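This briefing covers the overall build of one chain and the setting of one of its residues. The structure comes first, then the points by topic.

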Amino acid sequence: MIPEDLRYTAEHEWVSVADGGAVRVGITHFAQDALGDIVYVQLPEAGTAVAAGESLGEIESTKSVSELYAPVAGTVSARNELLADTPEVINTDPYGSGWLVEITAADPAAVDGLLTADAYRELTES
């Protein structure tokens, strides 16, 4: 379950370019499967500046608490408010309604430097 049309990080986030050029971010099927049942997500407010590779929030499961990392530098333009009441949607639809945040990237070309589906597949299989 590694969609070909997305980009990925070594920290198991996926990235897509959303309508209007914003970058939509979520965690991969691999990550949600490793975490187990997700019970809480802490996400930044819209307007928060984020730096690539820096923490932008946390995701809590019945197994552990994990940091979420910004795949690109920019400003958070939206967060998925659905997750406040139903964080478990990340387990059932990590690439759809389980998205986390949208970021207006400081450099939209930065997405091209992220892992391709093939490179991410290699990472998770090794």
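**Burial and overall build**

Of the 126 residues in the chain, 43% count as buried, meaning under 20% relative accessible area with a 1.4 Å probe and protein chains only. The model is predicted: local features need pLDDT of at least 70, side-chain atom pairs count only at pLDDT 80 or more, and totals for chains, interfaces and linings use all residues. Residues are numbered from 1 along each chain as its sequence is written, and side-chain values use heavy atoms, with hydrogens and water left out.

Fold and dimensions
- The chain has four helices and nine strands, taken as DSSP runs (helices H or I, at least four residues; strands E, at least two).
- From the N terminus, the order of elements is β-β-β-α-β-β-β-β-β-α-α-β-α.
- The C-alpha trace spans about 35 × 35 × 25 Å along its principal axes.

Contacts along the sequence
- Contacts are heavy atoms within 4.5 Å; among those between residues at least 6 apart in sequence, 60% join residues at least 24 apart.

Gln 32
- Gln 32 sits in helix α1, residues 29-35.
- Gln 32 counts as buried because its relative accessibility is 6%.
- The side chains of Gln 32 and His 29 form a polar contact of 3.0 Å (a pair of N or O atoms within 3.5 Å; within protein, one must be able to donate a hydrogen and the other to accept it, and residues adjacent in sequence count only if both atoms are side-chain atoms).
- Leaving aside neighbours within four places in sequence, Gln 32 contacts Ile 27, Ile 38, Ile 90, Asn 91 and Pro 94.

Note on methods: Buried < 20%, exposed > 50% of the residue type's maximum accessible area, 1.4 Å probe, protein only.
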